[in-house]
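Hi,

Here is the structure I said I would pass on.

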Amino acid sequence: MCPVTLRCPHGLSPRGAPQPAEEKAQLLQNSEYQERMVESTFLYLTLDLPTAPLYKDEKEQLIIPQVPLFSILAKFNGSTEKEYKTYKENFLKRFQLTRLPPYLIFCIKRFTKNNFFVEKNPTIVNFPITNVDLREYLSEEVQAAHSHTTYDLIANIVHDGKPSEGSYRIHVLHHGTGKWYELQDLQVTDILPQMITLSEAYIQIWKRREEDETNQQGA
């Protein structure tokens, strides 16, 4: 897997309540809050899920929320800010892609560890199987250098059950036939593409569509 670069401007975050735009602009003039740009390579993109609700519905069952894939991809649009806290400081970071590889791995952050145990977020991510265009997540100056920015899903790893007792399944696309298969231990079964989107996706592998594949799709 070829590592690609990620642009990450970040600076100190003012403590306390969110700052008005004018006050924030004034704070950014101070050297303490100056932004700095860092470019780094990555092997996969971590997608953060929104916090799962703790309340139950009228049948006393936990509500399983849903979120569109493009909502959690907004982390990499270059304008969405995410706060990171340390013991000494708070940081605001923004992320933007500077190059797209032939294959892209998404890791959906379902597991978080607190001081006592590991928790799992059951949020369902709604995603299309094909035609995921990532052009808007590239910086403007490098968009012209990327003629192909559309990706198709080729593998989907699912975690079922509790964090400590769960099991894994994988959905794999057979490129020759265009059919999807589900693998669990030694069992291999057919699966409809629309059923894949209902699973608790954990890791996904996407393949960039090239010119010849684009023509075949449009034929």
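T197 sits in the loop between α4 and β17 (201-208). Keep in mind that this is a predicted model. T197 has a relative accessible area of 17%. The cut-off for buried is under 20%, so T197 counts as buried.

What does T197 touch, leaving aside residues up to four places away in sequence? The contacts are I124, V125, F127 and I129. There is a polar contact too: a polar atom of the T197 side chain lies 2.9 Å from the backbone oxygen of Q194.

Next, the surface around there. L192, M195 and L198 make up a nonpolar patch. Together they have about 320 Å² of accessible area. M195 belongs to helix α4 (residues 193-196). Its relative accessibility is 43%, so M195 is partly exposed.

Now the charged pairs. Side chains of opposite charge can pair when their charged atoms come close. How many salt bridges does a search of the whole structure find? Six. Three of them are worth a look here.

**K120 and E200.** The closest N and O atoms of this salt bridge are 2.7 Å apart. K120 is in strand β10 (residues 118-120), while E200 is in the loop between α4 and β17. K120 is buried at 18% relative accessible area. E200 is buried as well, at 19%.

**R209 and D152.** Their side chains meet in a salt bridge, with 2.6 Å from N to O. This pair also links distant parts of the chain, 57 residues apart. R209 lies in the loop between β17 and α5 (211-218). D152 lies in strand β13 (residues 150-160). Both R209 and D152 are buried.

**D160 and R169.** Here the closest N and O atoms are 2.5 Å apart. R169 counts as buried, at 17% relative accessibility.

Best wishes

Terms used
Residues numbered from 1 in each chain as written. Predicted model: local features only at pLDDT ≥ 70, side-chain atom pairs only at ≥ 80, totals over all residues. Heavy atoms only, no water. Patch = residues over 30% accessible without salt bridge, like charges linked within 9 Å, V, L, I, M, F, W, Y side chains within 5 Å. Areas by Shrake-Rupley, 256 points an atom, 1.4 Å probe, with all protein chains shown as cover. Salt bridge = Lys/Arg side-chain N within 4 Å of Asp/Glu carboxyl O. Helix = DSSP H or I, 4+ residues; strand = E, 2+ residues; numbered from the N terminus. Buried < 20%, exposed > 50% of the residue type's maximum accessible area, 1.4 Å probe, protein only. Polar contact = N/O pair within 3.5 Å; in protein donor to acceptor, adjacent residues only side chain to side chain. Contact = heavy atoms within 4.5 Å.
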